[in-house]
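Here is a short walk through one structure. Keep the sequence and the 3D view at hand as you read.

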Amino acid sequence: LDFCQQAMNRVKPVPAQIKAILATTYERLGDLPKAIEWSEGALAEAPGSASALRTWSKAQRRLKKGNKELLDKLRDRLEAIDASKMSAPEARLLYSELAQLCDEQKDVPAAFSYFTRMNEQTLELPELKFVDRRKFVDEVDHLIGLLDGGFVSEWSDLPDIEREPGHAGPPVFLVGFPRSGTTLLDQILDAHPGVQVFEEYPFLGRVKKSIEGYPEKLSAMSEEERQAARQVYWSELRKEGAQFEDKIVIDKMPLSLVHSGLIHRLFPEAKFIFAIRHPADCVLSCFMQDFVPNASMQNFLTLEGSATLYDRVFTLWQKYRERLSLRIQEVRYENLVADLRAEVAPVLTFLDLDWNDAVSDPAAHALSRGTIRTPSYSQVTQPIYSSATERWRRYEEQMKPVLSILKPHAERLGYSL
């Protein structure tokens with residue numbers, strides 16, 4: 001907002017692009033009337049602006065949830081735009097919003113078609129030209145190969161650690177596959193006065209870079225090297241305001257799941273909160289999500305890529321659980337949205353915390369917290385809803401080609417296909 005205000009002070013009249021950015025910012029902050037006002041201002045000057053159109057439509061959808069007449073009107077407006085004349089970044093935004101509109105209308109074939117087109121346009125983005133989507137999968141497969149080869153049994157003995165001196169508790173890692181409810185759980189836990197959640201910061205990535213020869217280096221790691229790596233982690237968190245002395249600090253990065261071995265080696269005292277959701281719902285939701293593209297998220301641009309990544313990540317996670325003594329508390333998304341207290345109370349006990357009623361209203365906490373760093377920002381600022389459970393059943397026909405990939409994991413987690 002400050003950036004836009006500075007730009008408006010310098011440039012008269014205010015360009016449509018600045019108005020569109022302001023609209024998007026207000027939408028992310030939850031000020032939907034202002035988002036609509038600024039997007040309409042942008043559209044008055046640039047009727048074909050995909051950014052302004054998406055914000056204009058999305059803010060109205062959020063403001064009047066489930067209004068059939070409004071959904072029809074919004075869809076008609078967006079479908080009147082000729083996406084073939086747009087750049088890939090613009091067309092991607094338009095298809096993303098059209099897909100969401102059709103999904104809300106329960107028009108499954110149209111929604112799936114628009115989600116597919118959104119992802120096809122994402123592949124055309126210039127910033128993805130030199131991104132190798134196999135890089136992340138190859139890293140997962142490399143870790144699986146190490147574990148299958150007896151890697152953990154070769155680890156040098158290191159002293160046990162109960163707690164970092166001066167810290168209120170051990171480090172806690174909130175992990176799971178993307179779209180498994182980690183952002184909702186993040187808001188719930190961060191509302192507790194004894195908890196501080198850091199939302200998707202690359203802390204562990206910086207630790208990895210500090211360890212020359214990772215992951216093989218973990219095997220012969222000395223205590224001095226371990227302490228040095230721990231200090232890198234504490235230092236990175238401190239830079240962002242971690243209150244180790246007063247709060248249980250939770251590092252929420254879903255795919256840190258992949259580096260559970262690193263976490264356990266450096267932090268044997270660590271606790272894991274493992275978010276679980278039906279594999280088919282996770283995979284479908286990832287395919288539907290307009291993620292910021294990177295090497296791992298690029299796998300979500302097709303259902304097959306999403307399902308394959310899920311398979312590799314959960315195969316690795318299962319091997320970690322079999323070979324390492326991890327301290328884990330599971331949270332099942334379907335149970336969480338059905339009975340928050342029953343699912344969250346055991347988590348607080350696991351963290352040695354008492355119940356606090358503040359955790360019962362994550363939507364209020366999300367709004368007071370300001371902007372949310374993840375794509376789930378618009379969902380977690382609403383009251384808890386269960387409509388996303390078993391969503392995949394509506395798309396079962398489209399998902400048939402990947403269900404066999406997910407079946408072993410679904411059965412292991414207690415779900416049916």
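**A guided walk**

At 60% relative accessibility, D352 counts as exposed, because the cut-off for exposed is over 50%. The model is a predicted one. D352 lies in the loop between α16 (340–350) and α17 (362–369). Its backbone deserves a look as well. Phi of D352 is near 60°, a positive value in a residue that is not glycine. Most residues other than glycine have a negative phi.

Find E390 in the loop between α18 (377–380) and α19. Is E390 buried or partly exposed? E390 is partly exposed, with a relative accessible area of 35%. That value falls in between because buried means under 20% and exposed means over 50%.

One more backbone feature sits in a loop. Y214 and P215 are joined by a cis peptide bond, with omega at about 5°. Most peptide bonds are trans. P215 has its place in the loop between α10 (203–210) and α11 (223–239).

Now turn to the sheet. In what order do the five strands of the open sheet stand? The order is β2-β3-β1-β4-β5, and the pairing is parallel. β2 (195–199) and β5 (327–332) stand at the edges. Each has a single partner strand, so one side of each is left without a neighbour in the sheet. On average, neighbouring strands of this sheet are turned by 25° against each other, direction ignored.

Follow the pairings strand by strand. β2 and β3 run parallel and are joined by five bridges. Here Q196 has V249 in β3 as its bridge partner. Three bridges join β1 to β3, again in parallel. In β3, the bridge partner of V172 is I250. In β4, V172 stands opposite K271.

Which residues lie on each face of β3? I248, I250 and K252 are on one side, and V249 and D251 are on the other. Both faces are covered.

F267 is found in the loop between α12 (260–266) and β4. At 1% relative accessibility, F267 counts as buried, because buried means under 20%. Leaving out residues up to four places away in sequence, F267 touches P171, F173, R230, Y233 and W234. For a sense of distance, compare F267 with A99. These two are 168 residues apart in sequence and 43 Å apart in space, C-alpha to C-alpha.

The helices come next. α9 (residues 182–190) is mostly covered: nine of its nine residues are buried. Among them are T182, L185, D186 and I188.

Helix α19 (residues 396–413) packs against helix α14 (residues 303–323) at an angle of about 15°, with the axes 9 Å apart. The two are therefore roughly parallel, as the angle is under 35 degrees. Their crossing is left-handed. The residues of α14 in this meeting include L303, A307, Y310, F314 and Q318. On the α19 side they include Q398, V402, I405, H409 and R412. An α-helix has 3.6 residues a turn, so residues three or four places apart point the same way.

α19 also packs against α13 (residues 279–288). Here the angle is about 135°, with the axes 8 Å apart. α13 and α19 are therefore oblique to each other. P279, A280, V283 and L284 in α13 meet M399, L403, L406, H409, A410 and L413 in α19.

End at R75, in helix α5 (residues 68–79). R75 is buried, with a relative accessible area of 16%. What does the side chain of R75 make a polar contact with? The partner is the side chain of Q105, at 2.8 Å. Neighbours within four places in sequence aside, R75 is in contact with L98, L101, C102, Q105, D107 and A110.

Note on methods:
Residues are numbered from 1 along each chain as its sequence is written. This is a predicted model: local features need pLDDT of at least 70, side-chain atom pairs count only at pLDDT 80 or more; totals for chains, interfaces and linings use all residues. Side-chain values use heavy atoms; hydrogens and water are left out. Two strands pair if DSSP finds at least two bridges between them. Helices (H or I, at least four residues) and strands (E, at least two) are DSSP runs, numbered from the N terminus. Axes are lines fitted to C-alpha atoms, for helices over the stretch in contact, and angles run from 0 to 180 degrees between N-to-C directions. Buried means under 20% relative accessible area, exposed over 50%, partly exposed in between (1.4 Å probe, protein chains only). A polar contact is a pair of N or O atoms within 3.5 Å; within protein, one must be able to donate a hydrogen and the other to accept it, and residues adjacent in sequence count only if both atoms are side-chain atoms. Contact means heavy atoms within 4.5 Å. Angles under 35 degrees count as roughly parallel, over 145 as roughly antiparallel, 65 to 115 as roughly perpendicular and the rest as oblique. A crossing is left-handed if the near helix is turned anticlockwise from the far one by less than a right angle, and right-handed if clockwise.
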